[in-house]
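Hello,

Here is the structure I promised to pass on. Please open it first, then read my notes below.

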Protein chains: 2
Amino acid sequence: MPVDARRTIADLEELRGLTADERGAQRIAWTPTWLKARAWFQSKLAGLPVEHHLDAAGNSWTTLRGESDRTLILGSHLDSVPNGGWLDGCLGVLAGFEVLRGLAEDFQGRPPVTIRLVDWADEEGARFGRSLFGSSAFAGTHSIQADRDRTDRDGIRLEDALRGCQVDVERIGDAAVERGQAGAYLEMHIEQGPVLERKQLPLGVVLGTKGVERHAITFHGQEAHSGSTPMAVRRDALAAAAKLALEIRPIAKKHPDAVATMGSVKTFPGIVTAVVGRCETTLDMRDLDAGVLASMLAEAQQASRRFAAEEGCTVEWSRIWSIEPIPFDPRLIAFCDEAVREIAGDSHRLPSGPLHDAAEVARAGIPVVMMFTQSLAGLSHNPAENTRTEHLELAVQAFDRLARKTMQWLV
Amino acid sequence: MPVDARRTIADLEELRGLTADERGAQRIAWTPTWLKARAWFQSKLAGLPVEHHLDAAGNSWTTLRGESDRTLILGSHLDSVPNGGWLDGCLGVLAGFEVLRGLAEDFQGRPPVTIRLVDWADEEGARFGRSLFGSSAFAGTHSIQADRDRTDRDGIRLEDALRGCQVDVERIGDAAVERGQAGAYLEMHIEQGPVLERKQLPLGVVLGTKGVERHAITFHGQEAHSGSTPMAVRRDALAAAAKLALEIRPIAKKHPDAVATMGSVKTFPGIVTAVVGRCETTLDMRDLDAGVLASMLAEAQQASRRFAAEEGCTVEWSRIWSIEPIPFDPRLIAFCDEAVREIAGDSHRLPSGPLHDAAEVARAGIPVVMMFTQSLAGLSHNPAENTRTEHLELAVQAFDRLARKTMQWLV
């Protein structure tokens, strides 16, 4: 039987009613509201021919056993940021659930391959600052050593919060066993950006997640009195930073999908009557091509040194964090493109700027693709996050089509 | 007899020993350390043919009566900022004191005109945020209404702190009576800037204090995810602000003495992963010519609107504070120039970017001039503030020369 997309929308609305307040969704991982969302989800499984269990990292697995142990995984996450939207994460879980229900019915509880739906634990990292928690444990890229001592804003330790959810931090690596005979992983997510809306397309195919270079850049000049210091003798750290803030834009615009952002500028002493002596900035650069990303970084570093010299300043760089680009599987990208075209008429391929659990699954060597649904105004992590109803319906139908194509390929 | 500049330096060192700690001078107005500095100064008057009193605003007056009531006023301030330098303010008081001592001796306690030395109360405004307190009360430009409810960081009210120093806020306007038959006002001060040092000149003649336009400028764009928002669709408030930070420099550089400073930039949300949605900046522009200052402001406003439009942003301006340029007296400027040339060989005329008590005295219609002494590295409001000993000696000698020329003119 065809999927019933209206049932998915009703599920999303029911979940919102249970786990959002007037400020938005409150399904922060490892909190009672998140556990309530998961309990609600499990209650939906009653009467279906599926098994359910939590793995060693707290990921929630729903398994529809097939003729073969070869496995197709569908997944996303039920957790949200504080004051989050009604679609980020849970759309993927509930669209996957609708696909699973349809396959269970069509194949009388026994499809040709095993179908599993996963709700990853703590994709957002909103409480402890460690995102992609469960999927990275699954992928084996997560060592708990660096995160053991994380605390939330109330001083509660990660380890203690996890114990309250029946997860032992010492054992999260055991989640790797869930990889089993996984042959493919599919994830549906809202775009969280404006690209599909500007193209007036409901759906898109994700090529991979961009690599990220994230740096702190500080310019050192000379604090001086704004009234008594002639323009010609100033060593203005803000001027050097302002030049860089503008220069990163042509550097990024050379490449079609690259982005570069100066998100934070702090001035010291930061008073109206003093030339800025020190200016602390941050830079975030992303691209799907590792070579492009490396050349952008080198250009920005070179430009910063030139601007520092021009302004009689010095400049210091310090890497905050980085990750390599993670390209998705070409065959699955082709299936996804077909599925989107069949359901929505036209498709568009785009990289994802934000990271997703799918990137961790890809790092485990499992073929992966994601499908994006249009986001209105590109808003996310915000209660105003929204997607047109008709686009949500197309999304569920296209995701079902993608799952069936992938299943055929795995048989 | 000639002035003994070494005595002035010894006085400065004695005052530093009494009122500075390892972090610098602590003579903040209306505090015990300031009262200690003033008591020390009064103790120096013993045996001199002078009268001393505090006026209604707390200004400290030392009067050497002359043959005529026509009065030459010498002055500056003993108060300092927290962790201040050893010269800012007190050099002018103690150089003036040395001149007064010399005149008292030369004229056997009865010079042809009356000579008065004033130590203005609270030039810095360091504790309550209201600078030029005593001199503006003298000039009649200070209404206490706007300042009555000021408090210090401990919540102590201005009114209560003043009462502890025998000043009644309701009566500060009575300080106007001190104007009497004032014919001229002379003030010596360190430059607090790098101009004289760069010209390798010990002394300079101040043309007046620059007018100031001080504004808060906020650019409003659109906060957006740094990973998912393509460069072409961003509305980056920081980019518009960066353009303005750079553009104010050519605007100021069109005029020889004009300055323009963006001293503070704040970004919101101000995180590494978000395009800046709102950018709050400050602008401080100064020039000695009111027409130049007005045209600079108009150019900056126009540029900000152009940059906002280019970046898909809007811009809001709000005036923080402004003051018109205050030119000093042309005859006194000529006397000061002569005095500096006679003592130091060469002179230089420059406007003052910082405000001084002299500006308030000029607003009262009294002819005014200031003499500047070179500052090392332009540093001030800082314990590293310093001036070469030989320059301090030249300063006292030139200031004495200026006082005698002015006295002859007033006779």
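**A proline in a loop**

Start with Pro269(B), which sits in the loop between β12 and β13 of chain B. Chain A has its counterpart. There, a cis peptide bond joins Phe268(A) and Pro269(A), and omega is about 5°. Pro269(A) lies in the loop between β12 (265–268) and β13 (274–275) of chain A. These bonds deserve a look, because most peptide bonds are trans.

One more backbone point. Asp122(A) has a phi near 55°, a positive value in a residue other than glycine. Look for Asp122(A) in the loop between β6 (113–119) and α4 (133–139) of chain A. Most residues other than glycine have a negative phi.

**Confidence**

Keep in mind that this is a predicted model. Chain A has a mean pLDDT of 96, and 100% of its residues reach 70 or more. For the complex, the predictor gives an ipTM of 0.86 and a pTM of 0.87.

**How the chains are related**

What superposes chain B on chain A? A rotation of 180° does, with 0.1 Å of shift along its axis and an RMSD of 0.2 Å. That is the relation of a two-fold axis. In chain B, the C-alpha nearest the axis belongs to Ala242(B), 2.3 Å from it. Both copies use the same surface: 100% of the contact residues of chain B recur in chain A.

**The interface**

Chain B puts 51 residues in contact with 51 residues of chain A. About 3800 Å² is buried between the two chains, and carbon and sulfur atoms give 64% of that area. Which residues of chain B lose the most area to chain A? They are Met231(B), Arg249(B) and Val272(B), together 17% of what that side buries.

Polar links also cross the interface. There are 13 residue pairs in polar contact between chain B and chain A. Two salt bridges are found across the interface. In a salt bridge, the side chain of Arg249(A) meets that of Glu311(B), at 2.7 Å from N to O.

Several elements of chain B give two or more residues to the side that touches chain A, among them α6 (195–198), α7 (237–253) and β14 (278–287). α7(B) gives the most, with nine residues. By class, that side of chain B has 24 nonpolar, 15 polar and 12 charged residues.

Best wishes

Key
Residues numbered from 1 in each chain as written. Chains lettered and ligands numbered in written order. Predicted model: local features only at pLDDT ≥ 70, side-chain atom pairs only at ≥ 80, totals over all residues. Heavy atoms only, no water. Least-squares fit on C-alpha atoms with pLDDT ≥ 70 in both. Contact = heavy atoms within 4.5 Å. pLDDT = per-residue confidence, 0-100. Buried area = accessible area lost by both parts, 1.4 Å probe. Salt bridge = Lys/Arg side-chain N within 4 Å of Asp/Glu carboxyl O. Polar contact = N/O pair within 3.5 Å; in protein donor to acceptor, adjacent residues only side chain to side chain. Helix = DSSP H or I, 4+ residues; strand = E, 2+ residues; numbered from the N terminus. Nonpolar A, V, L, I, M, F, W, Y, C, P; charged D, E, K, R; others polar.
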